[in-house]
Amino acid sequence: MFRNVMALALVAGGFVIGAAPLARAHAFLDHASPAVGSSMRASPPVLMLWFTQDLEPAFSRVTVTNQAGQRVDLNNAQTPPGQPAELQIGLRSLPAGNYTVTWHVVSVDTHPTDGTFTFQVGGR
Ligand SMILES: [Cu+2]
């Protein structure tokens, strides 16, 4: 009896895992400002990320680091009021260089996604 219940749970779990991606999309990065891979002449004051699905703000975060791996963001990531699919964070004044954006978000369907991209400030 116990084994049958376990087998049923496994089957049900497998079905849920297999069916979820078909039923709902996750929150993927739609676009960003500064844009992914872009080069900015001046230091942007804010990084903005737009996702393909609304986010759970309490579980969504983003950091921006310089080439030395130091954080250059203001640690004030937020989902703006009325913009539940957007995540933004303030930036320090950035000298010329390459910067890495690392985001981890949880969408309202509870699925976590993450990713990284770079942008450049100034000429080389
Ligand atoms: Cu999802």
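What share of the 124 residues of the protein count as buried? The share is 35%, where buried means under 20% relative accessible area, exposed over 50%, and partly exposed in between, with a 1.4 Å probe and protein chains only.

## Basis of the model

This is a predicted model, in which local features need pLDDT of at least 70, side-chain atom pairs count only at pLDDT 80 or more, and totals for chains, interfaces and linings use all residues. Residues are numbered from 1 along each chain as its sequence is written, and side-chain values use heavy atoms, with hydrogens and water left out.

## Overall make-up

The protein has 1 helix and 7 strands, and along the sequence they follow the pattern α-β-β-β-β-β-β-β. Helices (H or I, at least four residues) and strands (E, at least two) are DSSP runs, numbered from the N terminus.

The protein exposes about 7600 Å², of which carbon and sulfur atoms supply 60%; accessible areas come from the Shrake-Rupley method with a 1.4 Å probe, and for residues only the protein chains shown count as cover. Contact means heavy atoms within 4.5 Å. Among contacts between residues at least 6 apart in sequence, 60% join residues at least 24 apart.

## The two sheets

Strands of a sheet pair through backbone hydrogen bonds, either parallel or antiparallel. Here two strands are taken to pair if DSSP finds at least two bridges between them. Strand β3 (residues 46-51) pairs with β5 in the antiparallel sense over 5 bridges, and the bridge partner of Trp50 in β5 is Glu86.

An open sheet of 4 strands has the order β2-β7-β6-β4, with mixed pairing. The edge strands of this sheet are β2 and β4, and each pairs on one side only. Strands β4 and β6 run antiparallel and are joined by 5 bridges; Thr65 has Thr100 as its bridge partner in β6.

## Nonpolar core

A nonpolar core is a set of buried Ala, Val, Leu, Ile, Met, Phe, Trp, Tyr and Cys residues joined through side-chain atoms within 4.5 Å. The largest one holds 20 residues, of which Leu47, Leu49, Val64 and Phe119 touch the most other members. Strands β3, β4, β5, β6 and β7 each supply at least two residues of this core, and β6 gives the most, with 4 residues.

Which residues does Leu47 touch, not counting residues up to four places away in sequence? They are Ser33, Pro34, Val62, Val64, Leu87, Gln88, Ile89, Leu91, Val101 and Phe117.

## Copper site

The protein donors of the copper ion are His26 (ND1), Asp109 (OD) and His111 (ND1), lying 1.9 to 2.3 Å from it. Along the chain the donors follow the spacing H-x82-D-x1-H. His26 lies in the loop between α1 (2-23) and β1, and Asp109 in the loop between β6 (97-106) and β7 (112-121), so the pair ties together parts that are 83 residues apart in sequence. Asp109 is buried, at a relative accessible area of 8%.

Donors are N, O and S atoms within 2.8 Å of the metal (3.2 Å for Na, K and Ca); water is not among the atoms, so sites may look incomplete.

Most residues other than glycine have a negative phi, and most peptide bonds are trans. Ser33 and Pro34 are joined by a cis peptide bond, with omega about 0 degrees; Pro34 is placed in the loop between β1 and β2 (39-40). Asn75 has a positive phi, near 55 degrees. Asn75 is in the loop between β4 (61-65) and β5 and is exposed, with a relative accessible area of 59%. Thr110 also has a positive phi, near 75 degrees. This residue is found in the loop between β6 and β7, and Thr110 is exposed at 57% relative accessible area.

Gln120 lies in strand β7 and is buried, with a relative accessible area of 18%. Leaving aside neighbours within four places in sequence, Gln120 is in contact with Ser38, Ser39, Met40, Gly97 and Asn98.
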